[in-house]
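Here are my notes on the model you sent over.

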Amino acid sequence: MGGVELEGIPMQQVTAVSIQNDGKLLLAGLFEFVHGKRQPNLARLCPNGALDADFDGRIMDSLPSICNVVMQSNGSVVVDGQMSYANSTSPVHTVQNIARFTSDGALDENFLPALPGPSYNTKLLTFSNGSFLVELYQTSGTAVPYFAKLTTQGAIDTSFSTPSTLYNR
C-alpha cells in the first residue's frame with residue numbers, strides 16, 4: 001500500500017500541511033526521515049508522493065511544535081510554531097519561532113522576525129503583499145494572546161493596531 005514513510009522519532013507526525021499551486025505538498029511536524037532520506041521536520045512532496053529532491057529545508061530542533069506552514073506568492077515557505085534552529089546547510093541558524101525558506105529550501109537569512117519574547121506562535125496568515133499576521137502567546141506569566149503584523153522582512157508593522165486585551169464574555 002502506498003503512503004508517505006516517516007521515520008526517526010518515536011512519535012512521527014505531520015502537524016502542518018500546505019498545498020502549492022503546482023500540486024506539491026509541504027509537510028512540517030515531528031519526523032527525521034521521509035522515504036529514507038534525512039529531512040528533519042520539514043519536507044516537500046511531489047504530486048505523486050515522492051520526496052522533492054529540489055527542496056532541502058530543515059528544522060533542526062529535536063522536538064519542534066510546528067503550527068503552520070504557508071506559501072508566499074514568490075514561492076517562499078514560512079513555518080512557525082515553537083522552534084529555535086533551522087538550516088538548509090551548515091551551520092545551524094537560530095530562529096525565533098518563525099523561519100522563511102526560499103523555494104528550494106534554503107533558509108532566508110534576511111528574514112529577521114522581531115517578535116517579542118518569550119512567546120510562541122499559534123496562527124500565521126499571509127497578506128497578498130507578502131506581510132504576515134501572527135497570533136502570539138506570551139509565555140512569561142499568564143499566557144495572553146495578541147496579534148502582530150509583520151512586514152515582508154519580519155519587522156513589526158507599527159501602523160497596525162490591535163486590541164490590547166482580548167477576552168470572552
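Which backbone nitrogen does the side chain of Asp52 reach? The backbone nitrogen of Asp54, at 2.9 Å. Keep in mind throughout that this is a predicted model.

1. Let's stay with Asp52 for a moment. You'll find Asp52 in the loop between strand 6 and strand 7 (58-59). Despite that loop position, Asp52 counts as buried, because its relative accessibility is 3% and the cut-off for buried is under 20%. Besides reaching the backbone of Asp54, the Asp52 side chain makes a polar contact of 2.8 Å with the side chain of Arg44. Leaving out residues up to four places away in sequence, Asp52 touches Lys24, Arg44, Leu45 and Cys46.

2. Next, the sheet that strand 6 belongs to. This is an open sheet of three strands in the order 2-3-6, and the pairing is antiparallel. Strand 2 and strand 6 (42-45) are the edges; each has a single partner strand, so one side of each has no neighbour in the sheet. On average, neighbouring strands here are turned by 25 degrees against each other, direction ignored.

3. How are the strands of that sheet joined? As a reminder, strands of a sheet pair through backbone hydrogen bonds, either parallel or antiparallel. Here, strand 2 (residues 13-19) and strand 3 (residues 25-30) run antiparallel and are joined by six bridges. If you want a landmark, look for Ala16, which stands opposite Ala28 in strand 3.

4. Now for another open sheet, with three strands in the order 8-9-12 and antiparallel pairing. Its edge strands are strand 8 (65-71) and strand 12 (98-101), each of which pairs on one side only. From one strand to the next, the twist averages 20 degrees. Strand 9 (residues 77-82) and strand 12 pair in the antiparallel sense over four bridges, and Asp80 stands opposite Ile98 in strand 12.

5. Asp80 turns up again in a side-chain contact. Its partner is Asn68, a residue of strand 8, and the polar contact between the two side chains is 2.9 Å. Is Asn68 buried or exposed? Asn68 is buried, because its relative accessible area is 16% and anything under 20% counts as buried.

6. Val70 is another residue to check in strand 8. Val70 is buried as well, with a relative accessible area of 16%. Not counting residues up to four places away in sequence, Val70 touches Ser18, Ser76, Val77, Val78, Leu124 and Thr126. Val70 and Ile19 are 51 residues apart along the chain, yet their C-alpha atoms are separated by 8.6 Å.

7. How many aromatic pairs does a search of the whole structure find? One. That pair is Phe111 with Phe132, and the arrangement is edge-to-face, 5.7 Å centre to centre with 65 degrees between the planes. The pair links distant parts of the chain: Phe111 is in the loop between strand 12 and strand 13 (119-126), while Phe132 is in strand 14, 21 residues apart. Phe111 is buried, with a relative accessible area of 5%. Phe132 counts as buried too, at 0% relative accessibility.

8. Two more things about this part of the chain. Separately, take a look at Phe127: the charged end of Lys149 sits over its ring, 4.6 Å from the ring centre.

Methods:
Residues numbered from 1 in each chain as written. Predicted model: local features only at pLDDT ≥ 70, side-chain atom pairs only at ≥ 80, totals over all residues. Heavy atoms only, no water. Pairing = 2+ DSSP bridges. Helix = DSSP H or I, 4+ residues; strand = E, 2+ residues; numbered from the N terminus. Axes fitted to C-alpha atoms, helices over the stretch in contact; angles between N-to-C directions. Buried < 20%, exposed > 50% of the residue type's maximum accessible area, 1.4 Å probe, protein only. Polar contact = N/O pair within 3.5 Å; in protein donor to acceptor, adjacent residues only side chain to side chain. Phe/Tyr/Trp six-rings, centres within 6.5 Å; stacked < 30°, edge-to-face > 60°. Lys NZ or Arg CZ within 6 Å of the ring centre and 35° of its normal. Contact = heavy atoms within 4.5 Å.
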